[in-house]
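Hi,

Here is the structure I said I would pass on.

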Amino acid sequence: MKGLLLKDMYMTRKYCRSFFFIIFIFIAVSVFADGNFFFTLYPIVFASMIPVTLLAYDERSKWTIYSETLPYSRAQLVSVKYLMALILISSVWIFSFAGMLLRCVVSHSEFTRGSFFSGITLHSAGLLCVSLLLPVIFKFGSEKGRLAYYIIIIITCVVGTLMINISEGMNISLPNRIPAFAIPAGAAILFVLSWLLSIRIYEKKEL
């Protein structure tokens with residue numbers, strides 16, 4: 001499993017450098033884009049697209065077929081993509097959250113409880129995107145699943161923006177805290193269910 005993770009990290013470093021440049025630009029812009037959640041949300045969604053890109057490279061290089069000769073189970077081959085997604089989304093989220101804090105300093109505004117919930121919700125949007133994308137890609141492949149890929153990206157951006165707006169409006173009363181924390185909890189549950197579904201799909205798939 002460690003070998004699979006290292007392989008995907010090397011591929012990410014080699015083929016996805018432009019992704020990180022774009023992510024950095026959006027995070028930098030978000031510091032000065034007061035009140036525009038798009039520049040804060042997009043880096044997270046962009047990071048969630050990297051595991052799908054890695055899957056596309058695996059298919060083109062015939063790695064998916066070659067891996068059948070290696071001592072790895074299909075569950076492990078699926079799991080490494082979810083682990084990469086979790087690592088990438090969490091890493092970008094840390095920088096995005098730091099960008100939100102820096103934006104408050106630059107604009108001389110207070111970092112409210114709603115802003116805190118919005119920051120937490122950013123991570124949930126990334127998990128939502130991966131949870132919807134990966135089962136489709138494992139089922140149909142990167143080429144056949146391309147249409148669904150774009151549809152899911154649009155859905156995630158719309159839903160993610162709505163979730164952030166809901167979180168931003170949360171006040172300090174207890175009734176409003178519960179739905180705010182229900183968003184990341186629901187995203188985490190969906191992520192685990194998606195993980196299990198992708199394993200089941202890929203184990204039955206004929207390569």
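Let me start with Phe 46: its relative accessible area is 9%, so it counts as buried. Bear in mind throughout that this is a predicted model.

Phe 46 has a ring partner in Tyr 42, and the two form a tilted aromatic pair, with 5.3 Å from centre to centre and 35 degrees between the planes. Both residues belong to helix H3 (residues 38-48), where they are four residues apart, or about one turn of the helix. Over the whole model I get a count of nine aromatic pairs.

Tyr 82 and Trp 195 are stacked, with their centres 5.4 Å apart and 10 degrees between the planes. This pair links distant parts of the chain, as Tyr 82 is in helix H6 (residues 74-107) and Trp 195 is in helix H9, 113 residues apart. Are these two buried or exposed? Both Tyr 82 and Trp 195 are buried.

Rings also turn up with charges over them. The charged end of Arg 60 sits over the ring of Tyr 57, at 5.9 Å from the ring centre. Likewise, Arg 74 lies over the face of Tyr 202, and here the distance to the ring centre is 5.4 Å.

Next, the salt bridges. Which lysines does Asp 58 meet in salt bridges? One is Lys 7, at 2.6 Å from N to O. Asp 58 lies in helix H4 and Lys 7 in helix H1 (residues 2-15), so this contact ties together parts that are 51 residues apart in sequence. The other is Lys 81, with an N to O distance of 2.9 Å. That pair also links distant parts of the chain, from Asp 58 in helix H4 to Lys 81 in helix H6, 23 residues apart.

Lys 7 has a further partner in Asp 8, and the closest N and O atoms of that salt bridge are 3.1 Å apart. Through shared partners, the salt bridges join Lys 7, Asp 8, Asp 58 and Lys 81 into one network.

Lys 81 is buried at 3%. Lys 7 has 19% relative accessibility, and because the cut-off for buried is under 20%, Lys 7 still counts as buried.

Asp 58 brings us to helix H4 itself (residues 50-60). Eight of its eleven residues are buried, so H4 is largely enclosed by the rest of the structure. Besides Asp 58, the buried residues of H4 are Ile 50, Pro 51, Val 52, Thr 53, Leu 54, Leu 55 and Ala 56. Just after H4, have a look at the backbone of Lys 62, which takes a positive phi of about 65 degrees.

On to the cysteines. How many disulfides does a search of the whole structure find? It finds zero. Cys 16 is buried, with 0% relative accessibility, and Cys 129 is buried as well, with a relative accessible area of 0%.

Last, the surface. There is a nonpolar patch of about 650 Å², made by Leu 132, Leu 147, Ile 151, Ile 154, Ile 155, Val 158, Val 159 and Leu 190. Which helix gives the most to the patch? That is helix H8 (residues 146-168), which gives six residues. Leu 190 is found in helix H9 (residues 174-204), the helix that also holds Trp 195. With a relative accessibility of 32%, Leu 190 counts as partly exposed.

If you want a viewing order, I'd go for the network of Lys 7, Asp 8, Asp 58 and Lys 81, then the stacked pair of Tyr 82 and Trp 195, and then the nonpolar patch with its six residues from H8.

Cheers

How values were computed:
Residues numbered from 1 in each chain as written. Predicted model: local features only at pLDDT ≥ 70, side-chain atom pairs only at ≥ 80, totals over all residues. Heavy atoms only, no water. Patch = residues over 30% accessible without salt bridge, like charges linked within 9 Å, V, L, I, M, F, W, Y side chains within 5 Å. Areas by Shrake-Rupley, 256 points an atom, 1.4 Å probe, with all protein chains shown as cover. Salt bridge = Lys/Arg side-chain N within 4 Å of Asp/Glu carboxyl O. Helix = DSSP H or I, 4+ residues; strand = E, 2+ residues; numbered from the N terminus. Buried < 20%, exposed > 50% of the residue type's maximum accessible area, 1.4 Å probe, protein only. Disulfide = S-S within 2.5 Å. Phe/Tyr/Trp six-rings, centres within 6.5 Å; stacked < 30°, edge-to-face > 60°. Lys NZ or Arg CZ within 6 Å of the ring centre and 35° of its normal.
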